[in-house]
Amino acid sequence: MTDRTPRTVESPSRESGFGIIEVVIAMFLLGLIAIAFLPLLQTSLRLASKNVTSATATQLVNAQMDKARSLKPSCAAIQELASGTLGNLVEDPRGTVLEIHMESVICPPTYPGTVIFTTSVTVQGSNDVLSQATTRVFVESKLGTVAP
């Protein structure tokens, strides 16, 4: 026995799904949230750029310190490095030109002794120091190592 009662098909409700008004309101709210985060995005991009420049400046200072320590232990060699002007401009990955500064070295009155070597990095044309370091370098003589 089969049931032969007619089945009725229900028409879809008019309240199912999203209407155009709901979609427009959702897009408007998403736009407001995006506008609220825009200053945060700008600040983070500016900070990232500053961090790249600062990291490059620190690497340059460390390289100069390593170069000073690797020279022969004479005051003349350290003075020559400190007075060198070739290659003192370096561009960081973001395009900022950095300038390396080294202070003149004063030789000790007696040998062996130490000299104070200072190097710093600034943005070209600026006096604001991005990175700076000072170290003492051991020197055995004024002109170079004297053979016995």
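Figure 1. Among contacts (heavy atoms within 4.5 Å) with a separation of 6 or more in the protein chain, 55% come from residues 24 or more positions apart. This is a predicted model in which local features need pLDDT of at least 70 and side-chain atom pairs count only at pLDDT 80 or more, while totals for chains, interfaces and linings use all residues. Residues are numbered from 1 along each chain as its sequence is written, and side-chain values use heavy atoms, with hydrogens and water left out. The protein chain has two helices and four strands, and reads α-α-β-β-β-β along the sequence. Helices (H or I, at least four residues) and strands (E, at least two) are DSSP runs, numbered from the N terminus. As for burial, 24% of the 148 residues of the protein chain count as buried; buried means under 20% relative accessible area, exposed over 50%, and partly exposed in between, with a 1.4 Å probe and protein chains only.

Figure 2. The four strands line up in the order 1-2-3-4, with antiparallel pairing; two strands pair if DSSP finds at least two bridges between them. Strand 1 (89-91) and strand 4 (129-139) sit at the edges with a single partner strand each, so one side of each has no neighbour in the sheet. From one strand to the next, the twist averages 25°. Axes here are lines fitted to C-alpha atoms, for helices over the stretch in contact, and angles run from 0 to 180 degrees between N-to-C directions.

**Figure 3. Strands 3 and 4, with the helices packed on the sheet.** Strand 3 (residues 113-123) and strand 4 run antiparallel and are joined by ten bridges. Look for I116, which stands opposite R136 in strand 4. Helix 1 (residues 20-70) packs on the sheet and touches strand 1, strand 2 (97-102), strand 3 and strand 4, its direction making about 10° with that of strand 4. Helix 2 (residues 75-83) packs on the sheet too, touching strand 2, strand 3 and strand 4; the direction of helix 2 makes about 10° with that of strand 3.

**Figure 4. Around T119.** This one is a strand 3 residue, and T119 is buried, with a relative accessible area of 0%. A polar atom of the T119 side chain lies 3.0 Å from the backbone oxygen of H101. Setting aside neighbours within four places in sequence, T119 touches V61, Q64, M65, I100, H101, M102, S131, Q132 and A133.

**Figure 5. The C75 and C107 disulfide.** A search of the whole structure turns up one disulfide (a pair of cysteine sulfur atoms within 2.5 Å). C75 is joined to C107, S to S 1.8 Å, and the link is left-handed, with -100° about the S-S bond. C75 belongs to helix 2 and C107 to the loop between strand 2 and strand 3, so the pair ties together parts that are 32 residues apart in sequence. Both C75 and C107 are buried.

Figure 6. Side chains of opposite charge can pair when their charged atoms come close. One salt bridge shows up in a search of the whole structure, the term meaning a side-chain nitrogen of Lys or Arg within 4 Å of a carboxyl oxygen of Asp or Glu. Here the side chains of R69 and D66 meet at 3.4 Å, N to O. R69 and D66 are three residues apart in helix 1, so about one helical turn separates them. R69 is partly exposed, with a relative accessible area of 49%, and D66 is partly exposed as well, with 47%.

Technical notes:
Polar contact = N/O pair within 3.5 Å; in protein donor to acceptor, adjacent residues only side chain to side chain.
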